[in-house]
Amino acid sequence: MTTKNIYTRGQLTWLVVLRVLIGWYFMYEGLTKIMTPNWTSYAYLRDSQGWFAPFFTMLTDNAWVMSTVNAINMYGLTIIGLCMILGCFVQFANIGAIGLLSLYYLSHPPMLDVHYLIRPEGSYMWVDKNLIMLGAIAVLMLFPTSKLIGLDRWIFRKCKK
């Protein structure tokens, strides 16, 4: 499938802006965690509620598993964000982003009458920022731009030859 001339200038501009903004958000979240000494997702996972809470709290029972979860979270966010900003391997970054956002959503589902120790940014009923961001990334997957504006343009051009 070719992506040449399928978007108007406005569509392409705003799809790329959306990709870069989401990438910035992911990269900043990851870098903040990397630069924070002794950062851990332990408290977040222990505070999990909902149907999948036993799985998320079980992750905190083993120190090796916990350090692996922390590394995946910190470096995964950073790499996903950098890829989205640069337009490099964006389809893989999108899949990774949807995976992480799904886990965040399942760990802390925005349900009525659920009170978390770590307060969410607002009062939600079923829809929160993780679900909205997941939906935006799904849109970006359906309307890819990195082969027009991004490093994927050169990476995949060389692969076709």
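Student: Is Asn38 buried or exposed?

Tutor: Asn38 is exposed, with a relative accessible area of 75%. Buried means under 20% relative accessible area, exposed over 50%, and partly exposed in between, using a 1.4 Å probe and protein chains only. This is a predicted model, where local features need pLDDT of at least 70, side-chain atom pairs count only at pLDDT 80 or more, and totals for chains, interfaces and linings use all residues. Residues are numbered from 1 along each chain as its sequence is written, and side-chain values use heavy atoms, with hydrogens and water left out.

Student: What is the phi of Asn38 near?

Tutor: Most residues other than glycine have a negative phi. The phi of Asn38 is positive, near 60 degrees. Asn38 lies in the loop between helix H1 (9-35) and helix H2 (42-46). Helices are DSSP runs (H or I, at least four residues), numbered from the N terminus.

Student: At what angle do H1 and H6 pack?

Tutor: Angles run from 0 to 180 degrees between N-to-C directions, and axes are lines fitted to C-alpha atoms, for helices over the stretch in contact. H1 and helix H6 (129-142) pack at about 135 degrees, with their axes 11 Å apart. That makes H1 oblique to H6, as angles under 35 degrees count as roughly parallel, over 145 as roughly antiparallel, 65 to 115 as roughly perpendicular and the rest as oblique.

Student: Which residues of H1 meet H6?

Tutor: Contact means heavy atoms within 4.5 Å. Leu15, Leu18, Arg19, Ile22, Tyr25 and Phe26 in H1 meet residues of H6, including Met133 and Leu140.

Definitions and conventions: Helix = DSSP H or I, 4+ residues; strand = E, 2+ residues; numbered from the N terminus.
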